[in-house]
Amino acid sequence: MGKQLVETLTDAAVMDASHISSAIELDGYYGVYETMTEYLNEYIDGFYKSSKDSLLHRYIRTHLVDGFLYEAVIENTPEEYVLCEHNEALFNLFGYTFTDVGDLPPEYPEYDEEYFDEWKEFAEKVNDFYCDNINEHWAEHVFYVLFTNKDFLFRFNTEVAKVVKELKKTDYPDMLKSDGVIKRRSFPVWLQKAVKMRDRNRCQLCGKDLSGTFNLSDENFDHMVPLEDGGTNDPCNIQLTCEHCNKSKGARSRDYKNIIIPFW
């Protein structure tokens with residue numbers, strides 16, 4: 001993969017992640033609560049079971065697949081969508097070019113207002129093609145960016161908790177301990193490894209090294225937003241802590257820190 005394509009991949013993933021991060025707490029369709037409430041059946045199993053197809057993966061796909069992040073761009077500046085937002089280098093990453101989409105608008109790649117309608121039609125085709133052929137893979141790259149942002153994950157799980165708190169045990173007896181409280185489950189090995197890698201083997205509350213290099217490891221896996229406060233067993237709600245911090249945190253405490261460990 002060439003340097004230009006790698007830069008395109010990174011820049012585009014960060015761009016989409018920034019859009020989602022800034023929109024997460026807005027009222028209306030973009031919000032986590034609104035989205036998960038409307039499409040509850042697509043998210044419900046992820047509240048209880050730790051799945052590699054996390055709640056965040058699903059949330060990202062919900063917004064990318066229907067083009068919600070780009071509606072205004074396509075409507076007002078279609079040439080920017082085609083040439084900048086989802087440029088051809090991004091399509092190349094997945095083995096496609098704009099010729100796979102359809103007939104290119106006149107004056108490509110130069111934009112001329114005379115051809116606005118043609119650009120808009122082509123931008124809509126680009127978006128449809130992207131959603132049908134690329135989005136499923138692209139969501140994974142956007143997830144990588146957001147999963148490393150602890151502040152984002154805390155805001156995301158805080159919004160998810162609003163949905164969980166409205167669930168009734170009578171409706172989901174196998175999943176709920178009581179109204180609005182998800183049952184606890186053990187964490188699979190793949191999740192433990194992922195959290196340790198992301199958190200760099202450090203307690204996310206006190207910074208203690210848990211790698212076993214300098215001391216005997218007493219690692220624990222903690223719900224960032226506690227189950228008793230609407231938290232879930234989803235991978236995005238799990239953080240690494242030492243045994244002391246885990247036990248002293250409290251059943252309803254949302255204590256967390258975006259700990260940054262220097263490289264030198």
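Colleague: Let's start with Phe122. Where is Phe122 found?

Modeller: Phe122 is in helix H8. Helices here are DSSP runs of H or I with at least four residues, strands are E runs of at least two, and both are numbered from the N terminus. Bear in mind that this is a predicted model, where local features need pLDDT of at least 70, side-chain atom pairs count only at pLDDT 80 or more, and totals for chains, interfaces and linings use all residues. Residues are numbered from 1 along each chain as its sequence is written, and side-chain values use heavy atoms, with hydrogens and water left out.

Colleague: Fine. Why is Phe122 called buried?

Modeller: The relative accessible area of Phe122 is 2%. Buried means under 20%, exposed means over 50%, and partly exposed is in between, with a 1.4 Å probe and protein chains only. So Phe122 counts as buried.

Colleague: What does Phe122 touch?

Modeller: Leaving out residues up to four places away in sequence, Phe122 touches Val82, Phe98, Val101, Gly102, Asp103, Leu104 and Pro105. A contact means heavy atoms within 4.5 Å. There's also a C-alpha separation of 9.6 Å between Phe122 and Ile74, which sit 48 residues apart along the chain.

Colleague: Val101 is on that list. What makes Val101 buried?

Modeller: Its relative accessibility is 13%, so Val101 counts as buried. Val101 lies in the loop between helix H7 (88-93) and H8. Setting aside neighbours within four places in sequence, Val101 is in contact with Phe91, Phe122, Lys125, Val126 and Phe129. The C-alpha atoms of Val101 and Asp128 are 8.8 Å apart, although the two are 27 residues apart along the chain.

Colleague: Back to H8. How do you know that the span of H8 agrees with its 18 residues?

Modeller: The expected span is 1.5 Å times one less than the number of residues. For residues 116-133 that should give 26 Å, and the end C-alpha atoms are 25 Å apart, so the two agree.

Colleague: Which residues of H8 are buried?

Modeller: Trp119, Phe122, Ala123, Val126, Asn127, Phe129, Tyr130 and Cys131. In general, an α-helix has 3.6 residues a turn, so residues three or four places apart point the same way.

Colleague: Why are H8 and H9 called roughly perpendicular?

Modeller: H8 and helix H9 (residues 135-147) pack at an angle of about 80°, with their axes 5 Å apart. Angles of 65 to 115 degrees count as roughly perpendicular, under 35 as roughly parallel, over 145 as roughly antiparallel and the rest as oblique. So H8 is roughly perpendicular to H9. The residues that meet are Tyr130, Cys131 and Asn133 in H8 with Asn135, His137 and Trp138 in H9.

Colleague: What makes helix H10 largely enclosed?

Modeller: Twelve of its 15 residues are buried, so H10 is largely enclosed by the rest of the structure. Among them are Phe152, Leu153, Phe154 and Phe156, and also Lys150 and Glu159. H10 (residues 150-164) should span 21 Å, and its end C-alpha atoms are 20 Å apart, so that agrees too.

Colleague: And strand S4 (residues 238-242): how many of its residues are buried?

Modeller: Five of five. Ile238, Leu240 and Cys242 are buried on one side, Gln239 and Thr241 on the other.

Colleague: Why do S3 and S4 count as paired?

Modeller: Two strands pair if DSSP finds at least two bridges between them. S3 and S4 have five, in the antiparallel sense. Glu219 stands opposite Cys242 in S4.

Colleague: Why are Arg200 and Asn201 called partly exposed?

Modeller: Arg200 has 36% relative accessibility, so it counts as partly exposed. Asn201, at 23%, counts as partly exposed as well.

Colleague: What makes Ser54 buried?

Modeller: Its relative accessibility is 1%, so Ser54 counts as buried. Ser54 lies in the loop between helix H3 (44-48) and helix H4 (55-65). Not counting residues up to four places away in sequence, Ser54 touches Phe143, Asp234, Pro235 and Cys236.

Conventions: Axes are lines fitted to C-alpha atoms, for helices over the stretch in contact, and angles run from 0 to 180 degrees between N-to-C directions.
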